[in-house]
Amino acid sequence: MLETSARLLRLLSLLQTHRDWSGAELSERLGVTTRTVRRDVDRLRELGYPVDATPGAPGYRLGAGSELPPLLLDDDEAVAVAVGLRTAAGGTVEGIEETSVRALAKLERVLPARLRHRVNALQSMTVPMTAAVAPVPPEVLTAIAAACRDHEVLRFDYRSHQGQESRRSAEPHRLVHSGRRWYLVGWDVDKRDWRTYRVDRLSLKTPNGPRFVPREPPAEDLAAYTSRAISSAPYRHQARLTVHAPADVVTAHMPPTVATVEPVDASTCVLLCGSNNLDEIVVYVALMDLAFEAHEPPELVERIAAMASRLQAASDAGSDASGAGEAAGGAAADVAGR
C-alpha cells in the first residue's frame, strides 16, 4: 500500500486525468478501501483542491476552484508546457511574455534532466520566423527571473550602445518586454543608481552574488520608466511635444522603444523622445501627419522653423516652375493657333 503522501499525489493525478471517478474505481486503483478514499478526498479539499461529489452513484470529480491548485503533469505534458512557455516568452503572443518567463522559471527549476533534454532538443531543432532582432536564450530569461524572485545579485559582462564592454553587478528588479526586446531594470551596485540593461547585450556570470533587501522601484509604471530610459535618456537631445491626437493613435506611430506617450485627455497626449540629431526628431514627428506643438528643447523649435522655411521655399519654387511651364505652354499653343 502506498504511503499517505504518495497516495494523495496518485489520487490527485487520477482526478486530473479523468472527468468522473467512482469510489470503487479509485479504491481499486489505489489499493485501499473506499473509506480511505473518502478520507483522502477530504485531505485534498483541506489543501484547496475542489473535489466535487458526483450525483447518482457515489463518485468524485475535480472541479474549478477560486484559485488554481498545483497541477501534476506527466512527461509529455511537462514538455508541451515548457515548449509552449518558451515560445510565448519569445514574444509570439502579445502581452504574456513576462508571465511566461516567470512560469517557465518555476517549471524548469523542477524539471527532471531527462525532460529538460527533450525540451532543449525540440527547441534547438525549431526555427522561428520572427522579426530580425537579437535573440535571448530562454535559459537566460529564466535565470534573471529567478534572481529577481530570490533577490540575488546578478553579475554580468555588459556591452553598451557604443560597444564598450564592462563588468557589472546589479540587484535585479523586473524584466520588461517591449514587444521586440527584453530589458532588465535593476539597481547598479557600483553606480548606486537604477539602470536599464538590454538583456541581449549582457552575459551572465555564475554563481550569482549575495542576497539583497529589495529597494523601492524607480517608478510605479515600470513599462513607462523603461520606455523613457531607452527612447530618450541615452540621447543628446530629449524632446517634449504635445500631439493633438489620442494616445493610442500616436502609439501606433511611435512604439515604446522610440518614444514615450503620456495621455493628457481623450484627444491630446504628450510625446517624449530623444535623438542625437534634432532634424531626425522633426522628420519622425512630421511623418505622423498629426498636429503638434514642440516645447523642449528650445533648439528643436528653431529646427522646426528652419525646416519649415526650407520646405516652404521648395514648395514655392516648385509652384513658380509649374506656373512658368504652364505659361510657356499657353504661348506655344497661341503661336500654333495662328
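Is E171 buried or exposed? E171 is buried, because its relative accessible area is 11% and the cut-off for burial is under 20%. The views below are drawn from a predicted model.

**Figure 1. Overview of the chain.** The predicted model holds 11 helices and 12 strands. The chain has 338 residues, and 36% of them count as buried. Among contacts between residues at least 6 apart in sequence, 58% join residues at least 24 apart.

Figure 2. The side chain of E171 makes a polar contact of 2.9 Å with the side chain of R215. R215 is also one of the residues that E171 touches, leaving aside those up to four places away in sequence. E171 is buried, at 11% relative accessible area.

**Figure 3. The largest pocket.** The volume of the largest pocket is about 940 Å³. Its lining is made up of 33 residues, and those closest to the pocket centre are A229, I230, S231, P234 and Y235. Four elements each supply at least two lining residues: β7 (193–198), α8 (222–231), β11 (268–275) and α10 (278–286). The largest share comes from β7, with 5 residues. By residue type, the lining divides into 16 nonpolar, 9 polar and 8 charged.

**Figure 4. Helix α8 and its cover.** Helix α8 is mostly covered, with 7 of its 10 residues buried. The buried residues are L222, A224, Y225, T226, S227, I230 and S231. I230 and S231 are also among the residues closest to the centre of the largest pocket. At the start of the helix, a side-chain oxygen of D221 comes to within 3.2 Å of the backbone nitrogen of A223.

**Figure 5. Strands β1, β2 and β3.** Strand β3 (residues 59–62) pairs with strand β1 (residues 21–22) in the antiparallel sense, over 2 bridges. In this pairing, Y60 of β3 stands opposite W21. Strand β2 (residues 51–54) also pairs with β3 in the antiparallel sense, here over 4 bridges. R61 of β3 stands opposite D52. In a regular strand, side chains alternate between the two faces of the sheet.

**Figure 6. V140 in helix α7.** V140 is found in helix α7, which runs over residues 138–150. Residues up to four places away in sequence set aside, V140 touches V199 and L204. V140 and L204 are 64 residues apart in sequence, yet their C-alpha atoms are 7.7 Å apart in space.

**Figure 7. V283 in helix α10.** V283 is found in helix α10, an element that supplies at least two residues to the lining of the largest pocket. V283 counts as partly exposed because its relative accessibility is 38%, between the 20% and 50% cut-offs.

**Figure 8. Two cis peptide bonds.** T206 and P207 are joined by a cis peptide bond, with omega about -5°. P207 is placed in the loop between β8 (202–205) and α8. A cis peptide bond also runs from E296 to P297, where omega is near -10°. P297 is found in the loop between β12 (292–296) and α11 (298–337).

Figure 9. R192 is not a glycine, but its phi is positive, at about 50°. R192 is placed in the loop between β6 and β7. Why does R192 count as exposed? Its relative accessibility is 57%, and exposed means over 50%. D289, also a residue other than glycine, has a positive phi near 60°. D289 is placed in the loop between α10 and β12. At 68% relative accessibility, D289 counts as exposed.

Definitions and conventions
Residues are numbered from 1 along each chain as its sequence is written. This is a predicted model: local features need pLDDT of at least 70, side-chain atom pairs count only at pLDDT 80 or more; totals for chains, interfaces and linings use all residues. Side-chain values use heavy atoms; hydrogens and water are left out. On a 1 Å grid over the protein atoms alone, a cavity is a set of points where a 1.4 Å probe fits but cannot get out, and a pocket is an open set with protein on both sides within 12 Å along at least five of seven lines; lining residues have an atom within 4 Å of a point. Grid points are joined across faces, edges and corners, and a volume is the space filled by probe spheres set on the points. Ala, Val, Leu, Ile, Met, Phe, Trp, Tyr, Cys and Pro count as nonpolar, Asp, Glu, Lys and Arg as charged, and the others, Gly among them, as polar. Two strands pair if DSSP finds at least two bridges between them. Buried means under 20% relative accessible area, exposed over 50%, partly exposed in between (1.4 Å probe, protein chains only). A polar contact is a pair of N or O atoms within 3.5 Å; within protein, one must be able to donate a hydrogen and the other to accept it, and residues adjacent in sequence count only if both atoms are side-chain atoms. Contact means heavy atoms within 4.5 Å.
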